[in-house]
Amino acid sequence: MRRTSGPRGCKTPRDVIQSSKLAGCRGPRHWDARGSTFTTGLYLEVTNIQDSPKAGYGVRTHSPPRGSRTTLFFLQTYFRRQSTSGRQSTSVDKKAVPFGLEYEALERYQSPPKDCKVLSFDAYVEDEVPYKSQENYRIRRYKIYFYLEDDTIEVNEPVLKNSGLPQGLFIRRHRIPLPPPDDDQFYTVYHFNVNTDIVFYGRTFKIYDCDAFTRSFLRKIGVKLNPPGQCPEDPYMKTRRGKLDYMEPLHPYQSFDTLKQFLEYDRKVLRFFCVWDDSCSVSGDRRELILHYFLSDDTVEIKEVLPHNSGRDAVSLFLQRRKLPKYGPPGVFQPGQLTDQTVLNVSAGSSENRMYSYLLDKYNLGKLDQEFYKDTDLSIGTTINVWGRKVLLCDCDDFTKTYYRTKYGIENFTSIPCKAPPPRTIERKFPPYTGFGSEEDSLRSCISFMPTPHQRNFKKFMEFDSYGNISNTLRFFAKLITHKCADVERMFVISYFLSDDTISVFEPIERNSGYTGGRFLKRGRVKKPGQEVFKSEFLEYIKAEELYVGAKVNVNGYLFLLVNADEYTLNYMERNSDKFPLSNIELILQKLKEEESKSREFKQVFIAADCMHTTMVDFNTFREIMMNLTAGKLTDQEVITIARHYRVPEDPCPDRNVLLAQAHQQLKKNAFANFERLIATCVYHDREKKKVLPSKDIKRLCKSFRLPLTEDLLGSLLSRFEDSEKQINYESFVCALNWRVNPVPELEVVSYIKERCEDEWLGMPSPIPVKGVYYLNLLKDVFGLEEE
C-alpha cells in the first residue's frame, strides 16, 4: 500500500481526514468581525477514474469552477456517504472505485460557483415587546437564501440605521431540520412558497414575497405560487421617522456632495477659442482669448493670446479660474447675501436662562440665486457675458467636439474666423538718393534719428564665403569690346563673388604690351546701365544669373564679352542649372531636337570632320559645326555645356617619367643630395635582407630625411614603384630620385590649344574646356542616329 504524508505531519489518510475535519463538515470556517462564522463549501473532484462512479453527495463528476485550486491530499481509501434528506440514498460503489483513487480537494473562499443557484425570499417576524409602553410588537425583516446545490439555508437581517438591535447574519448557512416531529428530515425547495409561514428553530418567519428568479424557478419545477403579500410597517419606526423629520441637528449642516462629479470629470477641460471685439472703445482692438471650462467643478478660466509687439503687458490670466455668472457684473452685495445656506439664530427663555439654537432656513427667504454658465450654455457662435465683456466663441479643440458629440449629439462645429483682418499697409516713401555714400547708408539716416550702419546679409555671407578649396567665386575670361585698335587685344579676368554679389576686374600682365596690367576695377557691386541715379528706390545691380560665356556685360561704361570660364565656374553653373538655364543639358538637348530636319546634315558634317573615324572631334571643330548648323540659336555657354557632357575623358594618372621630372625639379631647387645615407638607413631597417620594404615605411623614412616633395607627389611616386604586396625596392626607388646619377629630361611647357571665338584667335592663351567630343553619342541622344 502506498502511503502519502498529509499536512501537519499526518501519516495516514484517516489522519489527513481528521486533521482537516473533512468528515462531517462542509468546509473550513472563516472568522467574521461581527462574531459570526461562515462555512465555505468543500468540493472533492475525482481524477484518473477508469470506471466513473455514480454521482452522489460529495462527489463532483463535472469540472469545478476556476478559482484557487490546491491539492490537499490523495485519498487512498473508500469514500461513502449516505444522504439523510429523505430522498433515495446514493453511494459510491466500492468495486467501481479502485484502490489508490486520487481525489483533489478544491476550496472556494470567495463567491459560490457560477453554476450555484440561490433562491431569495423576503420574510418578516413579529416579535412581542411586553416591557415597553411605546410599542407592543416589533416587525423585523429578513432575507432567506436557499442554496439549490446542497439544500442549505441562510437567513440575514438587513441592517437598519440606529435600530439598537444586533442585525446582519441571523442563521448561518447550513441544512435546517424540519420542526418536530419531523426533525429527522431537512427543508427542501418544495417547503417554500409565498404567503406561507416557515419555522426555523422555533421562530416563525412569514414569507411575503420573492425575487423574479425564485418565482420563475418555482414555476418551472411545478410549485404553484401564492400571490405576494405586504410586510406590515413597524409602528415604532413609523413614529420615530416622524420625529426625525422635525428634528434638526444642533449645528445645522447641509451637504453638497460634488465628489462624484470630481472623480468623473477630473482633468477633463473644454477649450474654446474666442475673441473679444473692443475696437469700438478708445484705443481698443480685437483681442484673441482661450476659454477653459473645467468639467470637474464648472469653473471657467480665460487666457489672452498676445501677438508679438502688441504693446500690452504679458499677464498670466485674463480671468482667474472661478464660476462665471451669466448676468454680470451683478453689483455689490451685503455680507451674507451670497451664501449656500441660511442659518437662523433662535433663542428662548428669560434673559438669565436663555437657550440658543440654530436652524436652517428651509424657505430661503431673501436668498439671491445666481445663474452660472454650464457646459450646455457654451457652443460655437455663442456670445457669452464675461463680466460685462461680450466674448464670441469661434472654435474649439478636438476633445471638446468629441465631448459634445458624445453627450449631447451635436454634430455642427463650423468654426468662425476669429483672426482680425490684416491692417492696411501704408507704403512708406523715402526721399531720393543724395549721392553721398552708398544707397544703404543714405537710407539709414531716413529710418531713425540715430543712424546705424547697414547690416549686410550675414547668412548669405557665411554660406558662400570661400573656405578651403571652395572659392565660391565665378571667374570669366573676357575681352574688351571697343573701336580702339590698341584695346582690342586686351584680355581681362572678371570675378564675381557669390558671398556679397560684388565684381572685380583684373587684367593679366603681358610683357611688351604697352599696358601695366593689374587691377582694373576695385571689388564692389556694379550697377546696371540706363537707370536713374537719384530716386527713392534702390538701383539694380548685376547678378550671377546674368553672367555666362558669350554674354556682354557693361561694367561702368566698359563693355566686356565673356569668352570662357574656369573649371569651378562651369561646374557650379551645371550643379545649379535651375538658376543657370544655359547650363541645363536637358533644356539644351530639347532645343537641338527642334533641328531634327538637319539630322542628316549634322551627321555628314561630323563624319567629314572626323578623318580618322574615331567618332570624336576636337572642341574647336565641334564649336564651329554647332554654330554654323544651328544658325546662332545656341550660345557659347550652351555649346560648352554640350561639349563637357559628351567629352572624351582624360587620363587622370600622369606618366612615371613626368612624376620623376617634377621630383627632380624640386630636389634640384632645394639642393638635396643625401641619397647614400637614405639607402643606408633603408638597409638598416631591412632585417630580412630582401632589399624591399613596405611603402609606408619608406614614406616614413623619406619624411624623416625631410625630402622636399609634396605629400601628393611622394604618394604618386611610391604607388608607381609598388608591387602586388605593396613592397618597394628601396635601391631602385632612391636611384630613380638621384637627379645627379640618373637625370631625367626637364618638363616641357604645355602649349594650350587656343580657343577660336568669332573666327578670331584671342591674344591670351586660355585653356579650352575639353580636348575632344564624342559627336556620335550626341547624335544618338538627340536624333537617334546610329553608326553606319
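## Helix α11

Take helix α11, residues 619-630: at 1.5 Å a residue its 12 residues should span 16 Å, and the end C-alpha atoms sit 16 Å apart, so the two agree. The expected span here is 1.5 Å times one less than the number of residues, and helices are DSSP runs (H or I, at least four residues), with strands being E runs of at least two, numbered from the N terminus. This is a predicted model, where local features need pLDDT of at least 70, side-chain atom pairs count only at pLDDT 80 or more, and totals for chains, interfaces and linings use all residues. Residues are numbered from 1 along each chain as its sequence is written, and side-chain values use heavy atoms, with hydrogens and water left out.

α11 is mostly covered, with 9 of its 12 residues buried (under 20% relative accessible area, 1.4 Å probe, protein chains only). Among them are F619, F622, I625 and L629, along with R623. After α11 comes A631, with a positive phi near 55°.

## α9 against α18

Helices α9 (585-593) and α18 (775-783) pack at about 75°, axes 9 Å apart, and therefore count as roughly perpendicular (65 to 115 degrees). L589, L592 and K593 of α9 meet L778, D781, V782 and F783 of α18 (heavy atoms within 4.5 Å).

## N193

N193 sits in the loop between β8 (168-174) and β9 (196-200), and its 13% relative accessibility makes it buried. Its side chain reaches the backbone oxygen of K224 at 2.8 Å.

Notes: Buried < 20%, exposed > 50% of the residue type's maximum accessible area, 1.4 Å probe, protein only. Axes fitted to C-alpha atoms, helices over the stretch in contact; angles between N-to-C directions. Parallel < 35°, antiparallel > 145°, perpendicular 65-115°, else oblique. Polar contact = N/O pair within 3.5 Å; in protein donor to acceptor, adjacent residues only side chain to side chain.
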